[in-house]
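Okay, thanks everyone, I'll keep this short.

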Amino acid sequence: MKRLKRKKQNVGVVVNGNGSFTREPGCGRKQKLAEIHQALISDPVDIETLRRAAVSKGGLLTDELRRKVWPKLLNINVYDLPHKPGRDVREDHKDYNQVVLDVRRSMKRFPKGMPATERAVLQEQLIDIILEVLKRNTQLHYYQGYHDVAVTLLLVVGERMAIALLDTLSNYHLRDFMDPTMDSTKHILNYLMPILEQVDLELHDFMIRAEVGTIFALSWLITWYGHVLSEFKHTLRLYDFFLASHPLMPIYLAATIVLHREKEVKQTECDMAMVHHLLSCIPQDLPYELLIGQAQDLFEKYPPSLLAKRAALQSRKSRSISTFQAFQLSTLHQRPDSVLQRLTKAQGSTTSRHGLEAALPGDRGQLWRRGNRMVKMAVWGLSATLGAAVFAVAQTAMDWGPEALLQLF
């Protein structure tokens, strides 16, 4: 196996135009906070510094900073946010019933100890956020697991900002998952085995013999790991990383997780069901900073352009990959929020007072209490059987046929 060695010193990274990273000496928390603040008030906003902060050790550090930096990473004007959805967003929507079912099963994604009434308000907002984005983008198709991405955004930035962020993510980073079929998603999953082959041929061959495939990583990929991690702080750390990275970075992280568990995998019986069960149960005590660094290393050494030369990856063009460079360039000329606010006021817009201050909660408690309607419902019960990712796996298997369906058991 080609060991992925990491230096122990704290290092930062520069995000290059192709989505790769160049490492540079790290800095302390105070210096990082100062650099983020300076990047945010620069004109134009210093996006490269914000990306570097998001991927380097510790990520963006606080939710307050995420509420300021995430919009910049996705080129969102916080003084021109979508309005809260009206009741009509739910009328005659083809995905309404499925979205409601998925959201009702999402109780574990909300902080422990949250009062039922506050969680219910957020769940109502979550339904509206998802339906609003789908209504705005009729070319996009809902998938089970999409709500896991939406709820992460909602808990950090609030309803209106979450709509704006989810809209952009759906058209870029998540675009391949939102086709009418699972073909594009399977294409992204197909990058996993070539990465393993390059780094650890013995592990790769073992998994090929076990015929385990890549279905075990499906829920990791389509939810940005939100569905499988129990600690919200770990989910946020990965979202910082992914928002500042190439759309394929989640699959590179999946490769590092499998490589990290190399000994466990090789000691398992070479059987499809046994290996699938082991890999699908992601450990909750992973060394995330180490794995993030290793994923960056893998991306630099084996970029998508190199892996795509393999026969299995040549037949399909990824929308997320093909639009990434143009998207990155579009983020480089943003004005700082102070300028945007001044321009908005100068234009006499009535939306200025509904911008950043109104859309971004000061703390989690404020967010929970910000319901836009009275919620007349009891606490929804947690499904004890099938989660969103399992439904997504089942749908994938049905698309693939009976042979793939067997991999689920």
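So, this is a predicted model, keep that in mind. Start at Met207: leaving aside residues up to four places away in sequence, Met207 touches Met193, Leu196, Val212, Phe216, Val258, Val265 and Leu279. Met207 also turns up in the largest nonpolar core, which has 113 residues. Along with Trp70, Tyr225 and Tyr252, Met207 is among those with the most contacts inside that core. As a general point, nonpolar side chains in soluble globular proteins tend to be buried together.

How do helix 9 and helix 10 cross? Helix 9 is residues 192-199, helix 10 is residues 201-210, and their axes come within 6 Å and cross at roughly 140 degrees. Anything over 145 would count as roughly antiparallel, so these two helices are oblique to each other. On the helix 9 side, the contact uses Met193, Leu196, Glu197 and Val199; helix 10 brings Leu201, His204, Met207 and Ile208. By class that's 6 nonpolar, 1 polar and 1 charged residues.

Okay, zooming out. The protein chain has 24 helices and 2 strands. Of its 409 residues, 56% are buried. Take the contacts with a separation of 6 or more: 79% of them are between residues 24 or more positions apart. And the surface? The chain exposes about 18000 Å², with carbon and sulfur atoms supplying 52% of that.

That's my bit, over to you.

Terms used:
Residues are numbered from 1 along each chain as its sequence is written. This is a predicted model: local features need pLDDT of at least 70, side-chain atom pairs count only at pLDDT 80 or more; totals for chains, interfaces and linings use all residues. Side-chain values use heavy atoms; hydrogens and water are left out. Helices (H or I, at least four residues) and strands (E, at least two) are DSSP runs, numbered from the N terminus. Buried means under 20% relative accessible area, exposed over 50%, partly exposed in between (1.4 Å probe, protein chains only). Contact means heavy atoms within 4.5 Å. Accessible areas come from the Shrake-Rupley method with a 1.4 Å probe; for residues, only the protein chains shown count as cover. Axes are lines fitted to C-alpha atoms, for helices over the stretch in contact, and angles run from 0 to 180 degrees between N-to-C directions. Angles under 35 degrees count as roughly parallel, over 145 as roughly antiparallel, 65 to 115 as roughly perpendicular and the rest as oblique. Ala, Val, Leu, Ile, Met, Phe, Trp, Tyr, Cys and Pro count as nonpolar, Asp, Glu, Lys and Arg as charged, and the others, Gly among them, as polar. A nonpolar core is a set of buried Ala, Val, Leu, Ile, Met, Phe, Trp, Tyr and Cys residues joined through side-chain atoms within 4.5 Å.
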